[in-house]
Amino acid sequence: MMHSFSELTIDGVLVAPFAIYAVGAFAIFAVLRPFLRLVAFDRAFSHPPVAELSLYVLILALLIVLF
């Protein structure tokens with residue numbers, strides 16, 4: 001399957017698709033974060049920041065694979 005990546009152009013500066021995916025993953029993670037606190041996501045792990053980073057990377061990878 002061949003992807004045709006199209007860069008975003010902002011004032012003549014090309015922005016790589018990865019940067020767009022990273023911002024999108026951050027937005028999704030920011031929306032999920034209050035729900036994670038509600039279900040006590042941080043109590044399930046010994047080091048919650050690493051678990052949150054892993055979840056962000058998982059969301060980023062899903063965006064890259066799906067789009």
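Biologist: Into which accessibility class does F45 fall at 39% relative accessibility?
Modeller: This is a predicted model, in which local features need pLDDT of at least 70 and side-chain atom pairs count only at pLDDT 80 or more, while totals for chains, interfaces and linings use all residues. Residues are numbered from 1 along each chain as its sequence is written, and side-chain values use heavy atoms, with hydrogens and water left out. Relative accessible area under 20% is termed buried, over 50% exposed, and in between partly exposed (1.4 Å probe, protein chains only). Because its 39% lies in between, F45 is partly exposed.

Biologist: Why is the pair of F41 and F45 described as tilted, and at what angle do the ring planes lie?
Modeller: A search of the whole structure finds 1 aromatic pair. Rings of Phe, Tyr and Trp (its six-membered ring) pair if their centres lie within 6.5 Å; planes under 30 degrees apart are stacked, over 60 edge-to-face, and the rest tilted. The ring centres of F41 and F45 are 4.9 Å apart, and the pair is tilted because the planes lie at 55 degrees.

Biologist: Is F41 buried or exposed?
Modeller: The relative accessible area of F41 is 17%. F41 is therefore classed as buried.

Biologist: With which residues is Y56 in contact, leaving aside its neighbours within four places in sequence?
Modeller: Contact is taken as heavy atoms within 4.5 Å. On that basis, the partners of Y56 are A22, A25, F26 and F29.

Biologist: Which residue forms a salt bridge with E52?
Modeller: A salt bridge requires a side-chain nitrogen of Lys or Arg within 4 Å of a carboxyl oxygen of Asp or Glu, and the whole structure holds 1. The closest N and O atoms of the pair are 3.1 Å apart, and it links helix α2 to helix α1 across 19 residues.

Biologist: Which residues make the nonpolar surface patch of about 570 Å²?
Modeller: Patches comprise residues with over 30% relative accessible area and no salt bridge; like charges are joined within 9 Å and nonpolar side chains (Val, Leu, Ile, Met, Phe, Trp, Tyr) within 5 Å. Areas follow the Shrake-Rupley method with a 1.4 Å probe, and for residues only the protein chains shown count as cover. L58, in helix α2 (residues 48-66), is partly exposed at 48%, whereas F67 is exposed at 60%. The patch is made by L58, L62, V65, L66 and F67.

Biologist: How far apart in space are F67 and Y21, C-alpha to C-alpha?
Modeller: F67 lies in the segment after α2. In sequence F67 and Y21 are 46 residues apart, while their C-alpha separation is 9.0 Å.

Biologist: What is the value near which phi of D11 lies?
Modeller: D11 sits in the loop between β1 (8-10) and β2 (13-15) and is exposed, with a relative accessible area of 79%. Its phi is positive although the residue is other than glycine, and lies near 50 degrees.

Methods
Helix = DSSP H or I, 4+ residues; strand = E, 2+ residues; numbered from the N terminus.
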